Every structure is written in structure tokens, then in C-alpha cells.
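Please keep the sequence and the model side by side while going through them.

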Amino acid sequence: MTHAMQKGSNVPLEATTVRAVLRWTPGQGVPDVDASALLLGPDGRVRSDEDFVFYNQPRHPSGKVWRLGKKRVAESLTDTIQTDLSGVEPSVGRVLLVASADGVTFAHVHSLRILLYDAGAPDAEPVAYFDVRPTTGEETALICGELYRRGDGWKFRALGEGYSNGLRGLATDFGISVDESEAGVTRHPEPSFPPAQPAYGYPQPTTAPATAPSYGYPQPTPDFRLPPQGPQFLPR
């Protein structure tokens, strides 16, 4: 059974390894969307800069959280984070699942959805999905949901919390040291896709955004280490 989730709701996870798939409809004026993850310790912050899995560091040193990259699925594009829940270090209590746009607000991103799959059952329906709707449309990064420990197991909570200062601002709020220079790490290339027809959006609520934190895929890439100065967010 697939759970259609509302903001703030949660669902227990029986799978030991889950794929969190971000899916959206491409089109004219639609920005590129990236999936990333932050592994948080007991204090709600990262333990080090290595707890940030994103396009320039696609695999956590533990090997238990990694980015699978972008794919085209029918009329949509996807980007995926996979997590081996059974192997996540005990000092990690939460894994944030994040979507960020490349310098464009999420008002231009259509039909954004996060889907949770049991990676051990590649042909099964999603365990859960959540349609992520930005609050104002001015957000450039969104915490779509979180995987979190509950007793001896794990749960997924739908969040949809927005940041207007992008992935850099979101990561900094959780303790990542961001290097502002343009030297060093370069962005990994993504596959190119043919253009799709523009998609129609949906009306946006007018309330203020939250500004504070409250199957065939390629194999994981080799371990990747951040430079000592911290992650860099370089232009495409």
C-alpha cells in the first residue's frame, strides 16, 4: 500500500534500504533540481562537512548514503538519494532529504514530488509519496522530508520547509562550513535530456515560508572527500 502523505505526517519504514526519488516535470523556464542529504547528529546538526551528500560529494564516507543521479522517467526527470538505514551510524538520528534549484525559485518547478521506495523490492509500488509545494514560490531550497529514528526502527516525515537563500544557506544552518571561493571542486556533469513541453503550475499559498529547520541505477561512485576548506557551490 502506498501512503499519500500530507505535510507533517509520518509513516514507519520496514525497508532496510530506501530510495528517495525527487520527481518533477521539465519544461521551458524550469530550473534544474538537485537532490541532496544531510546526516544530523543528536544536536540536530552535522557532525562534520562529510555529513553532506550532494552533487560535488555524491557518497558519504560511511558508504550508507549516496546520490544515484538524474534520470528521465516518462515525461518527468528524477534525482535520487539512497540510504542503507540498517548501516547508518548510531550517532546519526536524522537524514534530511533536500531539493534545491539552480538559482531559480521553486515557483518555476512543476509537480515536485518525493517518492520513497524499498530498494530491495525494485518492482514494488512506492512505500509513500509527498507532493512538495513551496509556501510562497520564492524558495530556492526545500527540505522535502526526513528519515528519522524511532525506537529500533526508522520513519519518514513529510516536511516541505523552504529556504530562500538556496542550498548554501540551508547547509550553513545545519553546520556545514561553506567555502565561498571558486577554486577547487567542480560540479559533476549531469546527463542532458531533450526539451519537454512546458508544464502548467499550481496556485501558491500566500503565507510566509518556514525559514528555520523545525529501478536501474548506476552503482555508487568511489568515495569522494571534501577539500579541507569545506564544500563549494560553484556555478554550472
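**Notes on the model**

1. The side chains of Glu 146 and Arg 157 form a salt bridge, with 2.3 Å from N to O; a salt bridge here is a side-chain nitrogen of Lys or Arg within 4 Å of a carboxyl oxygen of Asp or Glu. Because Glu 146 lies in strand S11 (residues 141-150) and Arg 157 in strand S12 (residues 153-163), the pair ties together parts that are 11 residues apart in sequence. Glu 146 is buried, at a relative accessible area of 4%, whereas Arg 157 is partly exposed at 21%; buried means under 20% relative accessible area, exposed over 50%, and partly exposed in between (1.4 Å probe, protein chains only). The charged end of Arg 157 also sits over the ring of Tyr 148, 4.1 Å from its centre, where the criterion is NZ of Lys or CZ of Arg within 6 Å of the ring centre and within 35 degrees of the ring normal.

2. A word on the basis of these values: this is a predicted model, in which local features need pLDDT of at least 70 and side-chain atom pairs count only at pLDDT 80 or more, while totals for chains, interfaces and linings use all residues. Residues are numbered from 1 along each chain as its sequence is written, and side-chain values use heavy atoms, with hydrogens and water left out.

3. The secondary structure of the protein chain comes to 1 helix and 12 strands, these being DSSP runs numbered from the N terminus (helices H or I, at least four residues; strands E, at least two). From the N terminus on, the order of elements is β-β-β-β-β-β-β-β-β-β-β-β-α. Of the 236 residues in the protein chain, 51% are buried.

4. An open sheet of 6 strands, with mixed pairing, has the order S1-S10-S9-S3-S7-S6; two strands pair if DSSP finds at least two bridges between them. Strand S1 (3-5) and strand S6 (65-73) stand at the edges with a single partner strand each, so one side of each is left without a neighbour in the sheet. Strand S1 runs parallel to strand S10 (residues 128-131), to which 3 bridges join it, and Met 5 has Phe 130 as its bridge partner in S10.

5. What is the total number of salt bridges that the structure holds? The structure holds 11, and among them is the contact between Asp 79 and Lys 70, at 3.6 Å from N to O. Asp 79 counts as buried at 0% relative accessibility, and Lys 70 counts as buried at 9%. Both residues belong to a network of salt bridges that links Asp 32, Asp 34, Arg 67, Lys 70 and Asp 79. In another salt bridge, the closest N and O atoms of Arg 47 and Asp 51 are 2.9 Å apart; Arg 47 is partly exposed, at 35% relative accessible area, while Asp 51 is buried at 2%.

6. The structure holds 2 aromatic pairs. Phe 52 and Phe 54 form a stacked one, 4.3 Å centre to centre with 5° between the planes; rings of Phe, Tyr and Trp (its six-membered ring) pair if their centres lie within 6.5 Å, and planes under 30 degrees apart count as stacked, over 60 as edge-to-face and the rest as tilted. Phe 52 is buried at 0% relative accessible area, and Phe 54 is buried at 0%. Together with Tyr 55, Phe 52 and Phe 54 form one aromatic cluster.
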